[in-house]
Amino acid sequence: MKPIRFTVNGSPREVNCHPSKTLLDVLREDLNLTASKECCGKGECGSCSILVDKEVICSCLVLAGQAEGMDITTCEGVGLTANMDIVQEAFVSEGATQCGYCTPGLIVSSRAFLNSIEHIPSVSEIKTALGGNLCRCTGYAKIIRAVETAAKHQLENKGKLSLR
Amino acid sequence: MKAEAKNEKGNGGNTPFTWVGKRVRRIDGPEKVTGELKYMTDYQYEDMVWGKVLRAKYPHARIKEIHVEKAKSLPGVIAVLTHKDIPGFNGFGIVVPDQPVLCSDVVRCTGDAVALVAAETSEIAEQALGLVDVEYELLEVVSDPEKAMGKTSPQLHPDGNIHSHVKIKNGNVEDAFQEADLIIENTFYSPRQMHAFIETEGGWGKMDEEGFITIKCPGQYAYRDRMQIARALAYNPERIRVISSPIGGAFGGKDEITVQIYLALLAMHTNGRPVKIHYSREESVVAGMKRHPFKVQMKTAVKKDGTLLANRVRAVGDTGAYASLGGAVIALAIEHSCGPYKIPNVDLEGFCVYTNNGIAGAFRGFGVNQVCMAIETHMDMIAEKLGIDPVEIRKKNVYHQGEVSSMGHVVKSSVGTHKTLEVAENCDLWKNREKYKAEASEPWKKRGVSLATSFHGIGMGIGLPDYGAASIELLPEGKFKVAVGCEEIGGGNSTVYAQVAAEMLKCDISNIVVVQGDTSQTLDGGTVTASRSTYTGGRAVATAAPNMVSLLTETAAEMTGVVMEKIEWLPNRIVAAGETISYKRLFDYLYEHRRKTKVEGHFMLPKEKEEIKGSGGAPHHLYGYLTHVVMVEVDTLTGETDVLRVVSIPDAGKVINPQGLEGQTEGGAVMGIGYTLFEDVLIEGGYHKTRNFTDYIIPTIRETPIIETFPVEEAEESGPFGAKGIGEVVMIPIIAAIMSAIYDATGARIKHLPATPERIYNAIKQLKEQEAQPAR
Ligand code: FES
Ligand code: FES
């Protein structure tokens with residue numbers, strides 16, 4: 001088997017696996033990055049969401065062979081407990097996680113959305129951005145608030161940066 | 001000791017709280033939002049093997065022969081097991097263990113397990129399943145619960161198809177129906193909802209060289225899972241460790257055994273290698289428990305002034321192939337079938353019936369959802385017919401603390417219904433409903449605003465043991481380890497336990513470590529079900545904490561020679577005659593003297609003494625109450641319905657964590673929207689038509705309405721700091737409220753859920769046709 005090479009969370013990685021293994025399984029089993037979860041395996045739930053370049057994709061639908069050369073960010077790459085990203089901070093402070101199984105996927109989608117905007121989003125923009133991520137626990141209300149809060153902090157931080 | 005220690009109920013006079021009642025952030029938040037938390041299905045082991053389950057090919061068939069030789073000889077296969085390989089009792093089930101671990105003679109649903117395989121890879125395991133040859137003789141499929149109850153139906157179990165029958169009678173309904181000014185009678189149907197937890201069933205099993213078995217599998221009661229495993233394996237339970245927390249969602253769907261016994265059986269045959277099973281969503285849909293679909297016939301009699309006179313109920317629940325908690329679900333449904341009202345004459349009857357339609361079991365609400373929609377729709381219809389305000393008619397009929405319920409028992413615990421109704425009638429949505437209704441987004445869209453109220457028993461009811469237990473241990477670094485059996489199911493009980501402990505120990509919450517759901521670390525404290533874990537576990541922690549205070553105060557006195565009275569228990573430290581003693585120093589001292597640093601707290605839930613005859617466990621001592629107000633918008637051209645606003649008014653006793661409470665009210669409301677409007681697992685002739693989230697739609701973020709939560713805090717004396725339970729009632733009245741709001745918007749009464757666009761559209765069409773016909 002030819003090794004498959006790609007970048008994950010900023011580090012170049014190389015795996016030897018069957019090219020038809022899903023990228024989700026590669027992340028979880030070969031690289032021990034288990035934030036991304038399998039829930040439906042069909043592209044319906046978003047719990048396996050990762051960032052490839054700027055796009056959110058379902059890693060359960062990508063085969064390892066297709067990942068060659070990709071630049072991948074998983075939830076772990078957005079931030080860890082020692083250095084949480086503002087969107088992760090906001091999910092904690094707003095109570096936007098319960099069982100937490102859907103949360104990494106939502107963090108990835110929310111980060112991607114925040115990367116794409118320079119304003120405080122409307123509820124309907126947030127709903128469109130996160131429409132592909134299922135959560136059975138929270139009813140999403142606090143997720144909406146968390147994204148608003150994170151957007152606000154992001155703007156504040158950017159404001160500070162521009163003052164320098 | 002000078003500090004005014006709070007007693008175990010947490011009543012510390014008027015002391016303002018530091019942690020209780022505050023929006024404390026979830027203690028497990030950071031590791032959840034970063035994905036660092038390892039769920040059981042996230043673990044990986046170098047020497048692992050994969051386990052898979054062979055399901056029945058038919059919903060009802062006799063097994064003539066099972067041939068496993070071919071599967072066994074496939075390279076890479078480690079073990080193939082059938083019923084013959086079960087050392088102990090081949091069955092499981094929380095109440096009646098009527099579900100075979102591996103079927104031996106008959107299969108009764110397509111979720112039935114027939115064989116287990118362990119193999120080097122998941123692909124080989126899958127292939128091996130295909131090589132197990134089972135010879136079947138087909139049997140007639142029982143798919144209609146009403147027919148199943150008849151004499152001519154094939155019998156699925158030795159005792160027949162009626163698993164349980166409950167009956168409660170009070171007063172004389174026939175006389176009351178004679179006297180009544182108005183009688184309303186209807187039949188309601190409710191769907192087979194799927195829990196749709198995001199983490200499907202799965203976990204790990206491993207047996208070490210000494211024969212000690214470890215099962216890591218999300219569940220809702222580690223000790224009972226262990227008992228059920230031990231029974232099937234004929235194994236000493238002390239030699240089995242079950243780790244059951246954290247859980248990627250459960251809602252009752254992981255209350256029963258899921259894969260624990262399979263894992264244990266396979267682990268006995270893999271030479272010490274850890275074995276993993278993790279269901280695909282498709283397998284979870286077929287094999288997992290569902291909510292019982294019900295048919296509810298209800299006849300309600302009332303006086304002109306709105307006083308409820310009588311209620312007759314007949315409810316039939318489809319439990320599928322096995323009982324699990326079906327009997328208890330039906331019993332709870334009947335107990336709650338008259339709503340939180342006082343109706344003097346009742347005749348209530350419920351049947352739990354076996355069919356070949358998958359398996360039904362525990363699910364948030366536990367039967368109350370299905371009957372609440374009936375009684376609350378009736379309340380709405382009665383109010384309209386009599387021209388009484390929907391709030392007034394409810395207020396008129398609710399029971400208060402100390403009054404007699406429809407069940408005929410005096411309700412001794414706190415009752416918040418009346419207050420929740422007062423809040424409802426004063427909330428913006430209700431007060432200004434006419435204005436909001438006039439603001440529909442399109443001319444063909446119609447808005448409706450309605451409300452409904454309900455209640456839900458907390459704890460197990462009569463006949464089942466119900467107790468809480470917790471331990472608190474001082475750790476070497478000076479932290480307190482709070483260990484509670486109740487798992488972290490997502491609802492945030494870990495944070496509640498930490499809050500209660502921090503409050504009572506007067507330390508920072510960061511000094512509390514919470515451990516849950518692990519038979520080697522936590523005491524047996526019952527299930528995380530029945531809306532009981534905040535109440536029971538919280539109270540157990542609150543009972544253990546004073547023991548820790550005594551232990552450390554005595555230790556400090558002994559260490560320093562200062563008399564007990566001069567020891568001060570202050571925030572984050574203990575002071576003995578001016579000298580500060582850290583928790584760490586206390587640990588060192590206890591450790592050097594070879595003394596225990598762990599204390600326990602135990603709590604028996606208060607129970608009613610007398611069971612209502614024939615009720616199967618009613619009444620409960622404690623109930624939680626909730627009123628929902630909702631606004632919907634119905635597209636009259638398509639029947640599509642959006643829930644735009646929800647006001648949730650719970651009476652959960654003292655709220656320990658408002659953010660956690662809102663998490664429940666919001667999550668429950670949205671789950672209730674899914675139940676009412678679109679969720680249903682379709683089974684035809686015993687075969688699932690529903691397969692995955694492609695054809696089972698749960699609410700997405702797009703369906704999230706504006707949700708407001710206004711708790712009414714009726715302190716419950718027996719609870720920790722006055723708390724009660726909340727986890728289930730949050731999704732119940734919203735169902736009926738949406739149904740009535742659809743009526744308010746369109747004039748069409750939906751009595752068959754889910755209220756799909758098609759059903760609503762047809763109901764509107766029918767209505768128009770009726771209106772077009774001249775009145776006879
Ligand atoms: S697991 Fe990939 S979308 Fe559901
Ligand atoms: S937090 Fe449990 S599924 Fe989202």
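This note goes through a predicted model, moving from the contact between its chains to one helix, a set of salt bridges and a pair of domains.

1. The contact between the chains. In this predicted model, 51 residues of chain A and 54 residues of chain B take part in the contact between the two chains. The area buried between chain A and chain B is about 4,200 Å², and carbon and sulfur atoms give 57% of that area. On the side of chain A, the residues that lose the most area to chain B are A:Q98, A:Y101 and A:R136, which together account for 20% of what that side buries.

2. Polar and charged pairs across the contact. Between chain A and chain B there are 30 residue pairs in polar contact, counting those with both residues at pLDDT 80 or more, and the count of salt bridges between the two chains is six. One salt bridge between residues of these chains joins the side chains of B:E666 and A:K142, with a distance of 3.2 Å from N to O. The elements of chain A that give two or more residues to the side touching chain B are α1 (23–30), α2 (75–78), α3, α4 (103–115), α5 (123–129) and α6 (141–163). The largest share of that side, six residues, comes from α3(A). Sorted by kind, the residues of chain A on this side divide into 22 nonpolar, 16 polar and 13 charged.

3. A closer look at α3(A). Helix α3 of chain A covers residues 86–94, and its buried residues are A:V87, A:Q88, A:A90, A:F91, A:V92 and A:E94. After the helix comes A:G95, whose phi is positive, near 70°.

4. Over all chains, the count comes to 44 salt bridges. Side chains of opposite charge can pair when their charged atoms come close. In one of these pairs, the side chains of B:R23 and B:E662 meet at 2.9 Å, N to O. The pair links distant parts of the chain, since B:R23 lies in the segment before α1 (29–33) of chain B and B:E662 lies in helix α18 (residues 658–677) of chain B, 639 residues apart. Are these two residues buried or exposed, or something in between? B:R23 counts as partly exposed because its relative accessibility is 45%, whereas B:E662 is buried, with a relative accessible area of 14%.

5. Two further salt bridges within chain B. The side chains of B:E146 and B:K295 meet in a salt bridge, 3.0 Å from N to O. B:E146 belongs to helix α4 (residues 145–148) of chain B and B:K295 to strand β13 (residues 294–302) of chain B, so this pair ties together parts that are 149 residues apart in sequence. With a relative accessible area of 28%, B:E146 is partly exposed, while B:K295 is buried at 19%. Another salt bridge joins B:R192 and B:D318, whose closest N and O atoms are 3.2 Å apart. Here too the pair links distant parts of the chain, with B:R192 in the loop between β8 (182–189) and β9 (202–207) of chain B and B:D318 in strand β14 (residues 308–320) of chain B, 126 residues apart. Both B:R192 and B:D318 are buried.

6. Salt bridges that share partners join A:K142, B:R23, B:E662 and B:E666 into one network.

7. The domains of chain B. Chain B is divided into domain 1 (41–139 + 201–278), domain 2 (294–461 + 610–772) and domain 3 (467–604). The C-alpha centres of domain 1 and domain 2 of chain B lie 37 Å apart, and the contact between these domains takes 18 residues from domain 1 and 18 residues from domain 2. Between them, domain 1 and domain 2 of chain B bury about 1,400 Å², 57% of it on carbon and sulfur atoms. In domain 1, B:P59, B:D98 and B:F251 lose the most area to domain 2, together 34% of what that side buries.

8. What kinds of pairs link domain 1 and domain 2. Across this interface of chain B the rule finds zero salt bridges, but eight residue pairs are in polar contact there, with both residues at pLDDT 80 or more. The side of domain 1 of chain B that touches domain 2 is made up of seven nonpolar, five polar and six charged residues.

Definitions and conventions
Residues are numbered from 1 along each chain as its sequence is written. Chains are lettered from A and ligands numbered from 1 in the order in which they are written. Side-chain values use heavy atoms; hydrogens and water are left out. Domain bounds come from an automatic or database domain assignment. Contact means heavy atoms within 4.5 Å. Buried area is the accessible area (1.4 Å probe) that two parts lose on being put together, summed over both. A salt bridge is a side-chain nitrogen of Lys or Arg within 4 Å of a carboxyl oxygen of Asp or Glu. A polar contact is a pair of N or O atoms within 3.5 Å; within protein, one must be able to donate a hydrogen and the other to accept it, and residues adjacent in sequence count only if both atoms are side-chain atoms. Ala, Val, Leu, Ile, Met, Phe, Trp, Tyr, Cys and Pro count as nonpolar, Asp, Glu, Lys and Arg as charged, and the others, Gly among them, as polar. Buried means under 20% relative accessible area, exposed over 50%, partly exposed in between (1.4 Å probe, protein chains only). Helices (H or I, at least four residues) and strands (E, at least two) are DSSP runs, numbered from the N terminus.
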